[in-house]
Amino acid sequence: MADSIDGNVVAAKSFARFGVTHMFGVVGIPVTSLANRAMQLGIRFVAFHNEQSAGYAASAYGYLTGRPGLLLTVSGPGCVHGLAGLSNSMVNTWPTVMISGSCDQNDFGRGDFQELDQIEAVKPFSKFSVKAKNIKEIPNCVAQVLDRAVLGRPGGCYLDLPTDVLHQTISESEVENLLSEVEKGRMSEKVACVATSEIEKAVALLRKAERPLIVFGKGAAYARAENELKWLVETTGIPFLPTPMGKGLVPDDHSLAASAARSLAIGKCDVAFVVGARLNWLLHFGEPPKWSKDVKFILVDISEEEIQLRKPHLGLVGDAKLVLKLINEEIKDDPFNLGSSHPWVEAISKKVKENVSRMEAQLARDVVPFNFLTPLRIIRDTILGLGSPAPVLVSEGANTMDVGRSVLVQTEPRTRLDAGTWGTMGVGLGYCIAAAVANPDRLVVAVEGDSGFGFSAMEVETLVRYKLPVVVIVFNNGGVYGGDRRSPEEIAGPFMDDPAPTSFVPSAAYHTLIEAFGGKGYVVETPDELQSALSESFSARKPAVINVIIDPFAGAESGRMQHKN
């Protein structure tokens with residue numbers, strides 16, 4: 001057929017037709033042509049060194065944009081490497097689609113090149129998976145994975161494209177007919193309607209509460225619920241507590257922010273209105289002793305299964321933004337406000353001021369060799385000095401992320417990405433690249449521990465290759481948690497002279513890695529050197545790595561989770 005096209009073109013046409021604008025991945029047999037064809041049709045393909053990092057990028061892109069992030073991998077091992085990103089998407093409930101090539105269907109079971117039952121392999125890590133067994137099935141399969149990734153609770157989906165299907169051909173006119181037919185049958189979200197009586201119950205609980213608290217997380221951020229949340233907080237005067245990636249939906253420096261009084265807020269509140277945040281380990285499962293045994297939870301979640309699992313006092317199933325609109329409309333008819341002199345608001349405010357004052361006193365001291373607080377203060381102040389649009393902050397590591405969460409300030413929504421629900425290390429560079437692609441008007445600043453950086457450090461070449469405005473700040477304390485922290489009795493055995501399992505090369509020259517590819521590297525050991533490097537790199541908006549030498553004994557083993565290790 002003179003106008004025939006192969007499966008690679010059909011897949012690329014399908015993605016382009018159905019609204020895909022970006023794709024992340026690692027090419028090779030049998031998907032290189034698919035990536036090239038996607039680019040030809042206007043899809044930006046960002047090529048990585050490793051499928052793990054590409055998968056993390058795809059997952060973060062899905063969160064930041066609300067559209068499925070796409071990961072393209074080769075067959076077999078490439079698919080397995082990509083599972084890191086797919087599983088991260090499922091746990092964080094972010095829309096992602098992994099597309100993998102696979103071996104020829106006729107040769108499956110005979111030991112073909114990179115043979116793997118990939119549909120079976122992805123099952124534990126995806127909400128939906130499908131294989132295109134014939135070229136004519138590709139458009140419908142593409143539509144299914146894109147739609148299902150965002151329907152209900154977002155998550156990861158998988159599309160399998162066998163080699164023989166990619167090599168099959170079909171006429172362009174037939175492809176157009178298939179695309180048009182599939183487009184008519186695309187799945188759309190059925191908006192759950194919360195009963196008016198349930199909304200009234202929720203508002204009544206908040207109105208009558210003596211110590212109400214609003215808690216929100218990255219589910220509310222994904223739903224773009226910042227305006228509704230801010231209206232609710234400021235109209236009612238109820239203190240609020242964001243989870244780590246909920247930070248910035250309402251500015252951290254807001255007068256009703258309770259983050260600096262977290263223990264008091266969750267320990268004493270009598271009604272907790274939880275929006276887009278799960279009562280998992282990050283919120284101590286909503287159980288004593290962290291929470292009062294008498295607290296009444298109002299839980300807003302897109303997933304009915306989540307409500308059933310947590311068994312709150314009142315569950316509202318629906319999109320966070322839409323449910324908040326209903327709550328706010330109900331309050332408008334009969335508004336109430338606790339006021340700054342309310343005993344609960346005063347107690348929270350007093351504790352916040354005490355804890356902030358104590359923290360600022362520590363931050364005010366210039367400690368050299370660096371502890372964690374001194375460089376974090378300088379980074380915080382420099383970022384705040386940039387104004388709006390605020391940079392996207394990417395944070396990973398044990399001490400670096402944990403201490404940074406208390407020091408670094410988020411003033412705008414969806415400007416913080418960290419290890420997330422799963423506590424995933426290695427997400428840093430992938431998240432940076434996704435943030436830069438999804439938010440081209442924003443600078444991206446990564447604050448990374450040296451261990452976290454090491455997982456994906458080679459992707460600094462990707463930063464340089466695509467000329468992305470990303471500054472990576474590495475807190476270099478010589479290892480996981482900070483080098484060798486073994487007790488004398490632990491230093492024994494036939495390999496006692498080997499480095500500790502937590503040790504890296506001391507004062508490693510991480511900044512030279514990006515210099516090898518034409519980026520800018522800095523090494524800093526004093527406040528003045530750090531301030532100079534930040535000012536120069538932020539102003540340049542070009543790929544850079546700042547290697548911050550930290551006292552190896554400054555942090556704590558396992559960060560704030562010593563009880564788990």
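The model is predicted.

Leu417 belongs to the largest nonpolar core, a set of 108 residues. Together with Phe273, Leu316 and Ile327, Leu417 touches the most other members of that core. Another core lies apart from this one and holds 40 residues, including Ile43, Phe128, Cys157 and Leu166. In soluble globular proteins, nonpolar side chains tend to be buried together.

| Core | Residues in the core | Some members |
|---|---|---|
| Largest nonpolar core | 108 residues | Phe273, Leu316, Ile327 and Leu417 among them |
| Another core | 40 residues | Ile43, Phe128, Cys157 and Leu166 among them |

Now to the chain as a whole. Its secondary structure consists of 22 helices and 19 strands. The radius of gyration is 25 Å, close to the 24 Å from the globule rule for 565 residues, so the chain is as compact as a globular protein of that length. Along the principal axes, the C-alpha atoms fill a box of roughly 80 × 65 × 50 Å.

Of the 565 residues, 55% are buried. Among contacts with a separation of 6 or more, 76% are between residues 24 or more positions apart.

The accessible surface is about 23,200 Å², and carbon and sulfur atoms account for 52% of it. The chain carries 55 positive and 65 negative side chains. The centres of these two sets are 5 Å apart.

Note on methods
Residues numbered from 1 in each chain as written. Predicted model: local features only at pLDDT ≥ 70, side-chain atom pairs only at ≥ 80, totals over all residues. Heavy atoms only, no water. Helix = DSSP H or I, 4+ residues; strand = E, 2+ residues; numbered from the N terminus. Rg over C-alpha atoms; globule rule 2.2 N^0.38 Å. Buried < 20%, exposed > 50% of the residue type's maximum accessible area, 1.4 Å probe, protein only. Contact = heavy atoms within 4.5 Å. Areas by Shrake-Rupley, 256 points an atom, 1.4 Å probe, with all protein chains shown as cover. Lys, Arg positive; Asp, Glu negative; His and termini not counted. Charge placed at Lys NZ, Arg CZ, Asp CG, Glu CD. Core = buried A, V, L, I, M, F, W, Y, C linked by side-chain atoms within 4.5 Å.
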